[in-house]
Amino acid sequence: MARISLKDVKKSYGNAHVIKGVDIEVEDGEFCVFVGPSGCGKSTLLRMIAGLEDITSGQMTIGETVVNELPPAQRGVAMVFQSYAIFPHMTVRENVAFGLTIAGASKAEKDAKVAEAARILQMEHLLDRRPSQLSGGQRQRVAIGRAIVRKPQVFLFDEPLSNLDAALRMDMRMEIGKLHNQLGATMIYVTHDQVEAMTLADKIVVLKDGKVMQIGAPMELYHNPANLFVAGFLGAPSMNFIDVTVQAVNGNKALVSNAALDPVEVSAARGPFTVGEKAILGLRPQYVQVAEGAGRLHGTVALTERLGAETVVEVTLKDGKPLIAALSQDRVFPLGAAVDLDFDPATAHLFRPEV
Amino acid sequence: MALISADNRGLRLATRYAVLGLIAVIFVFPLVFMVMSSLKPDQQLLQDSGNLRAFLPVGDISLNNYTAAFQRAPVATFVFNSVLVTGVTVLLSLLICSAAGFAFVFVNWKGRGVLLSILLATLILPFETIAIPMLLMVAHLPWIGTEGITWGWLNSYHVQIIPFIADGLTVFLFVQYFKDLPGELIEAARVEGASWGQIYRRIVMPLSGPILATAAILKFLVMYNQYLWPLMVTQEEGYRPVMVGLQYFFQLNVAWGEVMAYLSLITVPVLAFYLYLQKAFIASIASTGVKG
């Protein structure tokens, strides 16, 4: 069992509070991704789980054991670092076998386990090379190899793909996904890349300023963000936010509008909202369409980016604010042309401005 | 155009070689003078010293000065003592100072900042200021040897070794080098289950070749050139090192040829040691230069 539980975990350096009371449950075998902007505390949190940083207060459990005071080696975790952290003076074989050597494993056992890890990661031909003779992607494989030979309860990944180029990053991302299916181990993965988070995770933890903003499955977070931050952070291009005024409230619906937006009734689940109040309407660019007739939003074309299968249009609304629409076909719009846009009110999110 | 730039390159190269050559000559000539003089009788040595012949093996050349030097003083004993004291001190110093540097940089413990500051403060203390208090101290320290417990360390090898094993400068060198090692290597080893001892032995030491060579050479030079301390703590000839031995050649009539022969002999271990570690030493200086 390698369920991980964090209960009101805090971390401070003197007066600087880096982690401000975090509660997270990661189930056995789950792939959990910590995501958030730089400085949100996601790497610190991962290092606290690894035992590389002390916990100021709270309780952390791995399996059935409270690990607050345990050194890294006794936590049953393996970690893959952003810089790979493979030992430059050892061959790939020695690097992969390092943990086994430290644990006093026999040569036969080491050989067998290294061979198995090399087979899984397709790096049999690299075993006798030095790290300096490897490419970035190969080094990352070695780092992952070193993590898997010890068969840990928990794998921790600290932005493992951020030093790789875009093409290799996609390959390695898929391989890590496959590895998780193959090993069935609990994995915690830190990234600031929302594509990695969305594609790999069973569960995403969105962090900001040392606090959890929302925890949930990727699609749950995408379709039902708890607040403005999560709404803006997940999804590319980012969600459009439009300042609106509440015209009427009807049960769990609110009628909103502004100078560029005709009145529209949307869900008020994140309320309560009161009439006359300012609110923010969130629209994902993918759900904004060019209206065939008269649309709800009115503006002029400021920029068109044709990507082949998709066209991203930036429209300047009548109130001067920009809005992005991602259209699912190749379209051409003359610069400055007047355009009417529309959306399904069920895909819109209404937020209170202070959140 | 291409011709002019080729000419320029040639000129630049020639100038560079000329300047480097001149610097090399300035550094090498005293050594050449020493060796050449050691081969000449005193009268010729003094005559030649005013002109270029001082640097050439000309005139009455022989190894007589070397024979005489061995007769005048126990040269072999002095060289043996110096090599022994220096060698043991260098080895123990590398071990202790690197371990101290490791603890300062990688292990998190209360008071390490304060202790490191105190250690660095010792760098500004000239040895002469603590020589007398140290002499009074070592004269009363106990020692367990073949004769059981004895008091006072005077007239021994250990009195010349132990006080110099740990020093602020060497620890500081290791601290600076270790700070530049990627911390994630150490963390990766910790997560893999390595103890501090294993991390020191298997990760940090194998990556510390350049700084070990630098520290070894600096320590070697300091120890091999020791004069004041061994003069204070050794009265018996059998424990005295080469620099104290030099004064044997300035008693009664000074024979400059013998002095030069003695100096040539005692330079050999230094040159041998430096040449052995030269590559690593230069690599270390170069790498600290580039990385800042």
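Tutor: Chain A has an open sheet of 4 strands in the order 2-1-4-5, with antiparallel pairing. Two strands pair if DSSP finds at least two bridges between them. Strand 2 (16-26) and strand 5 (65-66) of chain A stand at the edges with a single partner strand each, so one side of each has no neighbour in the sheet. Strands (E, at least two residues) and helices (H or I, at least four) are DSSP runs, numbered from the N terminus.

Strand 1 (residues 4-13) of chain A pairs with strand 2 of chain A in the antiparallel sense over 8 bridges. One bridge joins Y13(A) to A16(A), the latter in strand 2 of chain A. Helix 1 (residues 42-50) of chain A packs on the sheet and touches strand 1, strand 2 and strand 4 (57-62) of chain A. Contact means heavy atoms within 4.5 Å. The direction of helix 1 makes about 115 degrees with that of strand 1 of chain A; axes are lines fitted to C-alpha atoms, for helices over the stretch in contact, and angles run from 0 to 180 degrees between N-to-C directions.

The side chain of R47(A) meets that of E187(B) in a salt bridge (2.6 Å, N to O), a term for a side-chain nitrogen of Lys or Arg within 4 Å of a carboxyl oxygen of Asp or Glu.

This is a predicted model, in which local features need pLDDT of at least 70, side-chain atom pairs count only at pLDDT 80 or more, and totals for chains, interfaces and linings use all residues. Residues are numbered from 1 along each chain as its sequence is written, chains are lettered from A and ligands numbered from 1 in the order in which they are written, and side-chain values use heavy atoms, leaving out hydrogens and water.
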